[in-house]
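Here are my notes on this one, point by point. Have the model open while you read.

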Amino acid sequence: MRLGTIVGALVALVVIVLVVLPTPAVQQDNVATASAGFVLGPVQVFDGQSKLDVSYIEVRDGRIAKLHQQAPNTDLPLIDGQQQWLMPGLIDAHVHAWGNALEAQLARGVTTVVDMFGDPSYLQVYQQSRTRAQPQWHADIWGAGYLVTAPGGHGTQYGLSVPVMHSVDDADAMIQQRLAQGADFIKVVYTHADAVYDHHPSISLAQLQALVTAAKRHKVMIVAHIADHQSALEAVQAGVDGLVHSFFDQVVSDRLLQELVANEVFVIPTLVVYEGMLRQQVNAQYLLQNETLELSAHVRQQLQSSFPVNLPESYYGLAQQTVKRMYDAGVPILVGSDAPNPNTAHGWSMAMEMLLLAEAGVPIEAVLEGATVLPAKHFALGQRGRIAEGYRADFLLLNDDPRSDLTTLIQPQAIYKNGVRYQP
Amino acid sequence: MLTIYQNEAKYDLLSLLRTPGFYLPALLFPAVFYYFFGVLFPYSGGDPARVMVAYCCFGVIGPALFNFAIAVAGDRQQGWLALKRLSPMPMSAYMMAKWSSSLFFAVIILLTLYVIGGSFSEVTLTRGQWLALTAVLLLGTLPFALLGLVIGLFCSDKAAPAVVNLIYLPMAFLAGLWVPLSVLPDYVQSIAYGLPTYHFSQLAMKVIGQDQGLSMGVHCAYLVVLSAGLAWVAHYRFRRMA
């Protein structure tokens, strides 16, 4: 019967296509065997702050078991390090992760990310794997879950149904709710009441102060999203632990610098996002025009997009001066890309942010510290962000000394996560 | 009894297969549209899987709406529907036949879009996700088939295509199927909550974990209530025609 033939053919077609359609790479097979351990060397080891006097690194059970000056006598296989440079896996201190973001980050050498607002259920899923040092094909994540914002405020425009803060009295409940959803720290959005630029509604200064008090009572860190100098000043005076953006409406004032230093506040400048709004050079120069890189169409498009603002490029100079002044004053500068906002892509933008910080006048050593040791310290990420015994075996192999050339980070020669070499 | 259903389905499908003027545009439009605006020039941005699923939602609604609205309006105006109702064949066979042929085309559209997404846009989903997505997208065409039926029962055969387009295209756009809701003005989001295309696409987005986070129950309840309402309207209209 003809109908039977047609339907049969259709069913067969469905089965064939469904079988042929691409599925995510299966990870377990090739990682399981490599997890027993190995010795890697000879390599030149940069531990995130300085060069160590060791040449061989012994990895067992996903952790750095021992560092050696000479090739040790062990039962473990020896991997030839070819005198490459070994440094800790990078930590991106400002991302928004969902979907395959964590694998995309790992693929570029970012082994841990700090999420500054996302669906708490995503965070909860990956919080389980970060305490183990099992083979895995994704970066570890720490995060705030939902941010704290006003009704209609920044953060509510992305389609996630964020619980919002209505009054000062909500402060304790907001913090408790976030903690119950697994937040590792609290992120709050604040814009001062007299801001003249176009912005979303914001919680009041009194609400911000109440939140900081409540966060301190619950002994949880609280960081603030700000976009201008005055809001930054008020947030720091209110007692937040960190600013997750810098600003470009003016160069940082002496007063704010003093407050930052006195309160030991760290700053994640996210220059790469501002560079996208104001200048748009760095992606073209290092990524888009580099034909040896395999950029997917999606990544390419993200790196070429920018916020629809029309502001003079000179503002970018103000952002650069601010970062330089903050660093010179002793403010800890953490590297965060704010991916996947316009002008950024997960993984790729980490090196861009580092190059921009260096261009702004932060010494390369300090930039590298801000991408490894400092975020691990300020966000209490445990034993990571450093090459040391007992630390997680998250590290990169590079062609060159990263202290002499940050561009070597754009294409790491090898990426190890929990002691297993990442192979896409 | 089953034979009546089979035969009706067979001849409905055959009549469509003999009408390239129907199936060629119906099959090519979503594929070409997706390839140009989802793959080649994805200005709206977003994750490739999200874009593909959005175009799949758009693609499968088409045959459901058009096949019902235009065919039913035509059958009604030419007296064919009256004849069918006088025959011993149950009207449900007529409905099932129409729905199964629109599903036939929906399946082909889905496979085409999957292949385009998988080959040119780096979409990777687990086998289970591909399967679940197909099931959700096919089952979810029911409310749109009923909507098409209601249009077909009320509009003339000349008006039906225009009315369908007038409903189909804005409904797809305002539910974020072409451009993500996140980049559209806030009031579009509030409109979206009222649209079946929104709830349908959110169910599909849930399969790939990229929905807006409302519960599955809300979307299902909306679609079930809407389907029941449309079925009641269609039933009422049938009674009135008798």
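1. Which residue takes a positive phi just after H7(A)? That would be A:Gly239, with a phi of about 110°. Before going on, some housekeeping: this is a predicted model, where local features need pLDDT of at least 70 and side-chain atom pairs count only at pLDDT 80 or more, while totals for chains, interfaces and linings use all residues. Residues are numbered from 1 along each chain as its sequence is written, and chains are lettered from A and ligands numbered from 1 in the order in which they are written. Helices (H or I, at least four residues) and strands (E, at least two) are DSSP runs, numbered from the N terminus.

2. Staying with helix H7, residues 229–238 of chain A: 7 of its 10 residues are buried. A residue is buried if 20 or more other C-beta atoms lie within 10 Å of its own, exposed if 12 or fewer, and partly exposed in between, with C-beta atoms placed from the backbone. The buried set is A:His229, A:Ser231, A:Ala232, A:Glu234, A:Ala235, A:Val236 and A:Ala238. Their cover includes helix H6 (205–217), strand E9 (222–225), E10 and helix H8 (254–262) of chain A.

3. A:Ala235 deserves a click. Neighbours within four places in sequence aside, A:Ala235 is in contact with A:Tyr190, A:Leu208, A:Ala224, A:Ile226, A:Val240 and A:Leu243 (contact: C-beta atoms, placed from the backbone, within 7 Å). A:Ala235 is also among the residues with the most contacts inside the largest nonpolar core, along with A:Val188, A:Leu211, A:Met354 and A:Leu357; that core has 123 residues. A nonpolar core here is a set of buried Ala, Val, Leu, Ile, Met, Phe, Trp, Tyr and Cys residues joined through C-beta atoms within 7 Å. H13(A) gives the most to this core, 9 residues. Another core, of 75 residues, lies apart from it and includes B:Ala9 and B:Phe144.

4. On to H13(A) itself, residues 348–360. From first C-alpha to last, this helix of 13 residues reaches 19 Å, close to the 18 Å expected at 1.5 Å a residue (1.5 Å times one less than the number of residues). Of those 13 residues, 11 are buried, including A:Trp348, A:Glu353 and A:Met354. Just after the helix, A:Gly361 has a positive phi of about 115°.

5. Next, the sheet. Four strands of chain A make an open, parallel sheet in the order E8-E9-E10-E11; strands pair if DSSP finds at least two bridges between them. E8 (186–189) and E11 (266–267) of chain A are at the edges with a single partner strand each, so one side of each has no neighbour in the sheet. E10 (242–243) and E11 of chain A pair over 2 bridges, and A:Leu243 is opposite A:Val267.

6. Some backbone spots to look at. The A:Gly41 to A:Pro42 peptide bond is cis, omega near 0°, and A:Pro42 lies in strand E1 (37–45) of chain A. A:Ala339 to A:Pro340 is cis too, with omega near 5°. A:Gln82 is a residue other than glycine with a positive phi, near 55°; this glutamine is in strand E4 (78–88) of chain A and counts as exposed, with 11 C-beta neighbours inside 10 Å.

7. Finally, the interface: 21 residues of chain A are in contact with 27 of chain B. On the chain A side, H1(A) gives the largest share, 6 residues.

Key: Two residues are in contact if their C-beta atoms, placed from the backbone, lie within 7 Å.
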